[in-house]
Amino acid sequence: MGIRKHIPNTITSMNLLCGTVGVILTLHGAPDTAFYLMLGACVADFADGLSARLLGAYSDIGKELDSLSDMVSFGVLPALMLWASMDKVGAWVGVTRWITLILAVCSALRLAKFNVDERQHSDFLGVATPTSALIVGSLVYLMYHSEWKDSMAQSWWALPLVAVVLSLLVVSEIPCFGMKIQKGGGIRALLASRRRRLFFEGVIICCAMTWICGMNWSLAVLSSFTLYIIINVTAYLAGAKTKEKGPEA
């Protein structure tokens with residue numbers, strides 16, 4: 001296979017590099033700029049899996065490297081972005097800002113579980129860490145580029161609540177559809193799921209409304225992936241309600 005077997009791992013390393021630089025920027029007071037690095041990590045995370053499937057270049061090292069990279073880019077980085085975005089104003093803010101770091105812990109648990117859970121392949125159980133990270137990253141970026149900054153950064157509960165909710169979602173058993181393009185599947189196969197079609201239609205609407213209203217572009221990212229969670233949670237609750245009701249007599 002030659003050099004082809006190293007291509008996915010090289011791309012995965014770019015994910016790790018983006019996450020590491022994002023952490024450095026966040027600790028130097030620029031969590032909004034770190035969002036660009038998070039987006040770069042997302043592109044690399046999507047591309048490494050796609051290249052591995054297309055080239056047939058799977059490896060145990062690649063699987064572990066992918067999880068380690070995701071832990072930095074989609075676990076540690078978003079938790080630090082929330083932590084760094086809270087101003088040290090008042091005793092409550094000073095204490096509760098540390099709650100945001102629970103997202104890093106739960107992301108690690110989610111990634112470790114994914115590696116050993118045979119039930120998760122094209123779809124997931126629990127919200128994937130990149131989705132959680134994109135919600136955090138876009139929220140932080142929006143804060144820094146809108147009037148939200150002062151109110152949310154000085155709130156003792158807003159950002160910690162975001163961290164707790166996302167932490168619960170990533171370690172939950174809620175079925176969430178994946179967006180991986182399988183070899184030989186194509187876009188048509190990807191859109192075969194009703195939930196996926198609804199999500200992509202929603203993304204188009206979110207982007208259009210953000211542009212029409214002249215809002216910051218990060219709002220389109222935030223609203224799109226919030227919609228993703230709403231779609232999956234709603235489907236899960238509807239399914240649970242149907243099971244509880246049981247078959248009609």
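**Helix packing around α3**

Author: In this predicted model, helix α3 (residues 60-85) packs with helix α6 (residues 129-144) at an angle of about 30°, and their axes lie 9 Å apart. Angles under 35 degrees count as roughly parallel. α3 and α6 are therefore roughly parallel to each other. The crossing of α3 past α6 is left-handed.

Now the residues. From α3 come Asp70, Ser73, Phe74, Pro78, Met81, Leu82, Ala84 and Ser85. They meet Thr129, Pro130, Ala133, Val136, Gly137, Val140, Met143 and Tyr144 of α6. By class, this contact of α3 with α6 holds 11 nonpolar, 4 polar and 1 charged residues.

Next, the contact of α3 with α2. Helix α2 (residues 31-55) packs with α3 at an angle of about 160°, with 11 Å between the axes. That makes α2 roughly antiparallel to α3, because an angle over 145 degrees counts as such. α2 also passes α3 in a left-handed crossing.

On the α2 side, the contact is made by Pro31, Ala34, Phe35, Met38, Ala41, Cys42, Asp45 and Asp48. On the α3 side are Asp66, Asp70, Ser73, Phe74, Leu77, Pro78, Met81 and Ser85. The residues of the contact of α2 with α3 divide into 10 nonpolar, 2 polar and 4 charged.

Asp70, Ser73, Phe74, Pro78, Met81 and Ser85 of α3 take part in both. Leu82 and Ala84 are listed for the contact with α6. Asp66 and Leu77 are listed for the contact with α2.

Note on methods. Residues numbered from 1 in each chain as written. Predicted model: local features only at pLDDT ≥ 70, side-chain atom pairs only at ≥ 80, totals over all residues. Heavy atoms only, no water. Axes fitted to C-alpha atoms, helices over the stretch in contact; angles between N-to-C directions. Helix = DSSP H or I, 4+ residues; strand = E, 2+ residues; numbered from the N terminus. Parallel < 35°, antiparallel > 145°, perpendicular 65-115°, else oblique. Left-handed = near helix turned anticlockwise from the far one by under 90°. Contact = heavy atoms within 4.5 Å. Nonpolar A, V, L, I, M, F, W, Y, C, P; charged D, E, K, R; others polar.
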